[in-house]
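Grab a pencil and work through these exercises with the structure open beside you. Try each task on your own before you read its solution.

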Amino acid sequence: MSDFLAEHADILISLVKIALLLFIVLTVNAYLTWFERKVVAHIQSRWGPHRVGPHGLLQPLADGAKFLLKEDPTPAGVDKFTYFLAPLMALALALTSIAIIPFGPDPIRILGHDIYLGIVDLNIGILALFAITALSVYGVALAGWSSNSKYPLLGGLRSSAQMVSYELALTMSVVGVLLMAGSFSLRDIITAQARHPELGILGWNIFPQILGFLCFFIAAVAETNRVPFDLPEAESELVAGFHTEYASFKFAMFFIAEYTSMITVSCLCSIMFFGGWLSPFPASWTFTHYLPSVILIPFGLWVIWDGIRYETIFGRILLPGLGMVIAVLGALLIAFPAVNEFIQGPFWLLSKIFVFLFVYVWMRGTLPRFRYDQLMSFGWKLLLPVSLANVVFTASAILLWRSR
Amino acid sequence: MSAPLMVFFVLAAMAILGAFSLIIQRHPIHSALSLIVVMIALAGLYLLMGAEFVAAVQIIVYGGAIMVLFVFVIMLLNAGVEERTNFSKLASFAGLPLTIALMGFLAAAVARSADRVQTYQTGTVAPTKALANLLFQDFVYPFELTSFLILIAILGAIVLAQREKI
């Protein structure tokens, strides 16, 4: 048995990593819904979820239980196979795309195996992601078609038209970054941004590629069907769009798929344009390595201070406990410099991802939805030409630079 | 049996079953879905040969863009289940013998060329750089001409679609 384990160690490691990442992503998804509801509520001067647990922290658990226990009726006249396939496809493709993201620069050594953060490091990383995005339109389109109902059909049609239109701009806007890095691998794209470690934030792709970033982010929001591009599920016109006829866990699968692709897009934005796991400070400023502790300890103390005055007894126990854990984690990072060094990369990447997730929610709280013709003319007449111009700019700049 | 060979057989079976299902399905959408399975299985075969770029482009262009348009048009036309008609007379007579003849011909050709076909090392078939050199240096004029041809076809489609307005 142990021979077998030693021989197939890489397969086992991958399986464990997949299970772990799946667990983390699904948990983050659940709390992303809480975060979104809270932030949107505060933007609109409301409190948001507040009843289940202190500050509504247990709301995701309640939602999950509800999704699992609700009745799951299959409407009459649906195309059974496609009706069941669509949510599966949406969820599977969204979760697969996370596997390509690298989460940190250095491997951990466990039992003599170098374990990198991230499941696979493909040398066609970004292309593989686009391939997955290209397929993910089927989840929405087929859901709309197979429901045998007019509103989902309209939602599915809108969605496929929208995704085909914005995929062009999405792919074109990345070409500049690929030209600068000379590789499709996400890891290489990050290391290309660290060519001048003393520049820090100034070495990131965002400065030369600001046009590319704007096009990419807008097109990516459209690809994930989020506000202001959520026409496939426009509730004021189409009831709930493509998932009108879905209930219970099949509906939850669409939901999880949407939030997972939000996370993927945030990862991609931070990796391709904002230096991934690179710190924004010059490499010689080693004192910035204490930043995780400097953030964690005061945050933990604040959670304790907030928790001891909470109105329910449960909250007065849970919140200070949570704050204690956060503060102790921050203190431990100071106590173990090796761990602190290791945590730098993931810390910066996760912070950037968090910022992008916040921008997503922020847009949902503030922007109105596009009209269909506006959506089309914006995609074809503005985004596509601008991203093409960006490709030409970048290519000629690189040619000039290299020939000198 | 080595692992790549096993993967090859799984992908090949997927492609053949998908192609079969494409023909026997009675609903256009199901046929289109079967075609997507074939495309993805082919992409997997390219990946097995080490042509990652071609595999990714196969999925992006065929599995994504083109098949999405197929599905889109089928949805837009709201095409229903097709009715089975009687086979054509010619097909019922000559279909089976011709199929067997074609299969035998292909099998013979493959069997005869077996010793002359070199086995490819993974990663050597179409590296991205070599492909780019072929497209943008060696065959740049044919490539650009093809692009122009496609552009003209697109323009033609737009002109035909807007005929009433002009």
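**Exercise 1. Two residues in one loop**

Find where Ser45(A) sits, then work out whether it is buried or exposed.

*Solution.* Keep in mind that you're looking at a predicted model. Step one: Ser45(A) belongs to the loop that joins helix 2 and helix 3 of chain A. Step two: count its neighbours. There are 6 C-beta neighbours inside 10 Å, and a residue with 12 or fewer is exposed, so Ser45(A) counts as exposed. Step three: check the backbone. Phi of Ser45(A) is near 55°, which is a positive value in a residue that isn't glycine.

*Solution.* The neighbour count is where you decide: the cut-off for buried is 20 or more, and His55(A) has 20 C-beta neighbours inside 10 Å, so it counts as buried.

**Exercise 2. The helices on either side of that loop**

Work out how helix 2 and helix 3 of chain A are oriented to each other.

*Solution.* Start with the axes. Helix 2 (residues 9-43) and helix 3 (residues 59-69) of chain A have axes that come within 9 Å and cross at roughly 115°. Angles of 65 to 115 degrees count as roughly perpendicular, so helix 2 of chain A is roughly perpendicular to helix 3 of chain A. The crossing of these two helices is right-handed.

Next, who does the touching? Helix 2 of chain A brings Ala30(A), Tyr31(A), Thr33(A) and Trp34(A), while helix 3 of chain A brings Gln59(A), Pro60(A), Asp63(A) and Gly64(A). Sorted by class, that contact of helix 2 with helix 3 of chain A has four nonpolar, three polar and one charged residues.

**Exercise 3. Helix 10 and its partners**

Compare the angles that helix 10 of chain A makes with helix 2 of chain A and with helix 13 of chain A.

*Solution.* Take helix 2 of chain A to begin with. It packs against helix 10 of chain A at an angle of about 100°, with the axes 10 Å apart, and the two are therefore roughly perpendicular to each other. From helix 2 of chain A come Val25(A), Leu26(A), Val28(A), Asn29(A), Leu32(A) and Thr33(A); from helix 10 of chain A come Ile256(A), Tyr259(A), Thr260(A) and Ile263(A). The contact of helix 2 with helix 10 of chain A splits into seven nonpolar, three polar and no charged residues.

Now for helix 13. The axes of helix 10 (residues 248-273) and helix 13 (residues 337-366) of chain A come within 8 Å and cross at roughly 125°. Helix 10 and helix 13 of chain A are therefore oblique to each other. Helix 10 of chain A passes helix 13 of chain A in a right-handed crossing. Residues in this contact include Met262(A) and Ile263(A) of helix 10 of chain A, along with Phe356(A) and Tyr360(A) of helix 13 of chain A. The residues of the contact between helix 10 and helix 13 of chain A are nine nonpolar, two polar and one charged.

**Exercise 4. Where the chains meet**

How many residues of chain A are in contact with chain B?

*Solution.* On chain A, 18 residues are in contact with 15 residues of chain B. Helix 5 (125-146) and helix 6 (150-181) of chain A are the elements that give two or more residues to this side of chain A. Helix 5 of chain A supplies the largest share, nine residues. By class, the side of chain A that touches chain B has 14 nonpolar, four polar and no charged residues.

Which residues touch the most other members of the largest nonpolar core?

*Solution.* That core has 118 residues, and the answer is Ala90(A), Ala131(A), Ala219(A), Ala56(B) and Ile59(B). Follow up Ile59(B): leaving aside neighbours within four places in sequence, its contacts include Ala131(A), Ala134(A) and Leu135(A), as well as Ile40(B).

**Exercise 5. A look at chain B**

*Solution.* With 17 other C-beta atoms within 10 Å, Met14(B) is partly exposed. Beyond its neighbours within four places in sequence, Met14(B) is in contact with Val37(B) and Ala41(B).

Definitions and conventions: Residues numbered from 1 in each chain as written. Chains lettered and ligands numbered in written order. Predicted model: local features only at pLDDT ≥ 70, side-chain atom pairs only at ≥ 80, totals over all residues. Contact = placed C-beta atoms within 7 Å. Helix = DSSP H or I, 4+ residues; strand = E, 2+ residues; numbered from the N terminus. Nonpolar A, V, L, I, M, F, W, Y, C, P; charged D, E, K, R; others polar. Axes fitted to C-alpha atoms, helices over the stretch in contact; angles between N-to-C directions. Parallel < 35°, antiparallel > 145°, perpendicular 65-115°, else oblique. Left-handed = near helix turned anticlockwise from the far one by under 90°. Core = buried A, V, L, I, M, F, W, Y, C linked by C-beta atoms within 7 Å.
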